[in-house]
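The following note is meant for a colleague who is new to this entry. Please read the numbered points alongside the sequence and the model.

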Amino acid sequence: MTEEERTDPTPKSYRPIDAKGFRESIARGWGPVDRSITVPAGLAEAAAEHRRKLSAALPGRRIALAAGRAPVRSNDTDYEFRADSDFVWLTGCQAEGAVLVLSADGDATLYLRETAGPEEADFFANARDGELWIGPVPGLKDWSDALQIACRPIEELPSAVRGAVPYMLSVPGVEPMLDALVQTSPYDGNSLRQTLAELRRIKDDWELDQLREAVAASVLAFGDVARELPEAIRGGGERWLQGTFDRRARTAGNGVGYASIVAAGKHAPVLHWVRNDGAVNEGDVILLDAGVETRTLYTADVTRTFPATGEYTAAQRQVHDLVHKAQLAALGAVKAGAPYRAFQYEAMVVLAEGLRDWGILDTSIDELLGPDGQQHRRFIVCGTGHYIGLDVHDCDAARPETYFAGDIEAGMALAVEPGLYFHPNDETVPPELRGIGIRIEDNVVVHADRLEILTEALPITTDGLEAWTRQHLNGQ
């Protein structure tokens, strides 16, 4: 530093990356770091079998899928990264920016960003990915050891996907770098998503265990929420209950599997009330639709509607009892070999008959359930079920004939969720019913000879939910 620089009163700012002393200092003196990855038993084997199924379904095709990248939330802050579900199903990997390439022979290679060491600028200058900023980052060997798959630097991806014949199947819009490299058509991308969705409809034993874990954690989180009802009534409101569920989801798993619905009182009829910014009052019912996502990204999707102070009003009980009856009818129709639409039809019969008995509808049941009727759907405009798995609405890219127009098969995991929703400004219903929304949602697994109800630890009757709520209000 010159004398002039020492005596200049203007403060100077120097970039460490340009300073030789800093670069020499930062590059040395670092001890070993544990970058190992712990994955659940069976994950690598399950992913390998999933890759085998995909290669068998699309023989002789080269395939590339990407994990994706975290979307920008605002300016230089991102949302938390969540890997693409199809990519996770095939790899078990959750590394941002990773790409899987399957050769025409089914050989798999995972392309990832190698960890930047202290001698590289990214180690200290990259606030998004550098270890000095975000902590230890697994490298290629760490991922390979954990997942039992060949891993190569992402810089080698262009040579791995080079060549126009045969065209490579990929899904556009997930990873810009892959989009720029791969010659594919929108049809190919949709076809690949469709094939994967139809393969993922049938869960293997490892996947079912992940769903059981997700449901078990969700049941605990529902109990946590019930214990916090007094605090919510005192002023914490729906947000307090949302935070309570989210805390359990974050500690027991990866987080919530979707935006939690915590709908108290007049918000309960709103199907996707995810604002969760309302008050909780005595006399309200709480419609809680939430699920824990495991660290392997399988999610539960559970709903119960329970009284804030442990007792339903007469009108709330009336509606809940009808929805409960519909739920039993729906569950009874979920069996291997039955049409997928059967359980929705059975639930709708019960609900339509109930609404007609109450005098809310004066149309015949045949007309209500016919193609030109459907007046009862004013009060349940949504469906009554869907697949669950890596996505809360799993396998949506499947063809209709393999989903809602197909049959139920052993190995399917479903959410079954009839409900009734009377909005507070709906003048077609009696005043005492306005503002009541009730949903019961169970998660089930179809076996060849039985139905496994994963959510059976949570009651679904009015008496059972009153007792369950009071038990938790008493701190049990």
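1. The model is a predicted one, in which local features need pLDDT of at least 70 and side-chain atom pairs count only at pLDDT 80 or more, while totals for chains, interfaces and linings use all residues. Residues are numbered from 1 along each chain as its sequence is written, and side-chain values use heavy atoms, with hydrogens and water left out.

2. On the side of domain 1 that touches domain 2, H3, helix H4 (85–91) and helix H10 (186–200) each supply at least two residues. H10 gives the largest share, 5 residues. Helices (H or I, at least four residues) and strands (E, at least two) are DSSP runs, numbered from the N terminus.

3. Between the two domains the count is 5 salt bridges, a salt bridge being a side-chain nitrogen of Lys or Arg within 4 Å of a carboxyl oxygen of Asp or Glu. Arg-200 and Asp-391 meet through their side chains in a salt bridge, at 3.3 Å from N to O.

4. Domain 1 covers 18–200 and domain 2 covers 205–474; these bounds come from an automatic or database domain assignment. In contact (heavy atoms within 4.5 Å) are 18 residues of domain 1 and 16 residues of domain 2. The area buried between them is about 1,400 Å², with 53% given by carbon and sulfur atoms; buried area is the accessible area (1.4 Å probe) that two parts lose on being put together, summed over both. Of the area that domain 1 buries against domain 2, Arg-82, Glu-198 and Arg-200 supply 34%, more than any other three residues.

5. An open sheet of 5 strands has the order E6-E5-E4-E1-E7, with mixed pairing; two strands pair if DSSP finds at least two bridges between them. Strand E6 (150–153) and strand E7 (168–170) are the edge strands, each pairing on one side only.

6. Strand E1 (residues 62–66) pairs with strand E4 (residues 99–102) in the antiparallel sense over 4 bridges, and Ala-64 stands opposite Val-101 in E4.
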